[in-house]
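Visitor: I have a model open and would like to go through it with you. Could we begin with how its elements are named?

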Amino acid sequence: MLSVLWNFTINRKLTFKSANNVKVAMLLVALFYVAFTPLSSWVHILLADAGWDALLVEVLVMLSNFVLEFLYCRFIVYRNSCDTAVSKKEKVKNEEKAE
């Protein structure tokens, strides 16, 4: 869970530079994991029972998590708020212009 929180924070601030409502964004990311966690567990069990190598299955699940979570965040969570956050440097410049 800590890695999800860390990933959410990094994505929000650095990757998507979003000024979106934090609570709404966090709820949407949590909803992703409500669906992804049981589905990935089911796929993991299904493939392992079919004789696939456990390490290969784990890598495939992790890669799918990486790709699907990025796409979900980009097109659902931060769809209209990418690059809306104002950096500290921009705030200082805007304040200096206002004076």
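Guide: Helices here are DSSP runs of H or I with at least four residues, numbered from the N terminus. Please bear in mind that this is a predicted model.

Visitor: Understood. Where is serine 18 found, then?

Guide: Serine 18 lies in the loop between α1 and α2, the latter spanning 22-49.

Visitor: Is serine 18 buried or exposed?

Guide: Serine 18 counts as buried, because its relative accessibility is 3% and the cut-off for buried is under 20%.

Visitor: Which residues does serine 18 touch, leaving out those up to four places away in sequence?

Guide: With those left out, serine 18 touches Arg12, Tyr78, Ser81, Thr84 and Ala85. One of these, serine 81, also has a polar contact with serine 18: their side chains are joined at 2.8 Å.

Visitor: Let us turn to the cysteines. How many disulfides does the structure hold?

Guide: The structure holds zero disulfides.

Visitor: On to pockets. What space lies in the largest pocket, and which residues line it?

Guide: The largest pocket holds about 160 Å³ of space. Its lining consists of Asn7, Asn11, Met62, Asn65, Phe66, Glu69 and Phe70.

Visitor: Which helices supply at least two residues each of that lining?

Guide: Those are α1, at 2-15, and α3, at 54-77. The largest share, five residues, comes from α3.

Visitor: How do the lining residues divide into nonpolar, polar and charged?

Guide: Three are nonpolar, three are polar and one is charged.

Visitor: You listed Phe66 in the lining. Is phenylalanine 66 buried or exposed?

Guide: Phenylalanine 66, which is found in helix α3, is exposed, with a relative accessible area of 62%.

Visitor: One last point: what separates the C-alpha atoms of phenylalanine 66 and threonine 84?

Guide: Their C-alpha atoms are separated by 23 Å, and the two residues are 18 residues apart along the chain.

Key
Residues are numbered from 1 along each chain as its sequence is written. This is a predicted model: local features need pLDDT of at least 70, side-chain atom pairs count only at pLDDT 80 or more; totals for chains, interfaces and linings use all residues. Side-chain values use heavy atoms; hydrogens and water are left out. A disulfide is a pair of cysteine sulfur atoms within 2.5 Å. On a 1 Å grid over the protein atoms alone, a cavity is a set of points where a 1.4 Å probe fits but cannot get out, and a pocket is an open set with protein on both sides within 12 Å along at least five of seven lines; lining residues have an atom within 4 Å of a point. Grid points are joined across faces, edges and corners, and a volume is the space filled by probe spheres set on the points. Ala, Val, Leu, Ile, Met, Phe, Trp, Tyr, Cys and Pro count as nonpolar, Asp, Glu, Lys and Arg as charged, and the others, Gly among them, as polar. Buried means under 20% relative accessible area, exposed over 50%, partly exposed in between (1.4 Å probe, protein chains only). A polar contact is a pair of N or O atoms within 3.5 Å; within protein, one must be able to donate a hydrogen and the other to accept it, and residues adjacent in sequence count only if both atoms are side-chain atoms. Contact means heavy atoms within 4.5 Å.
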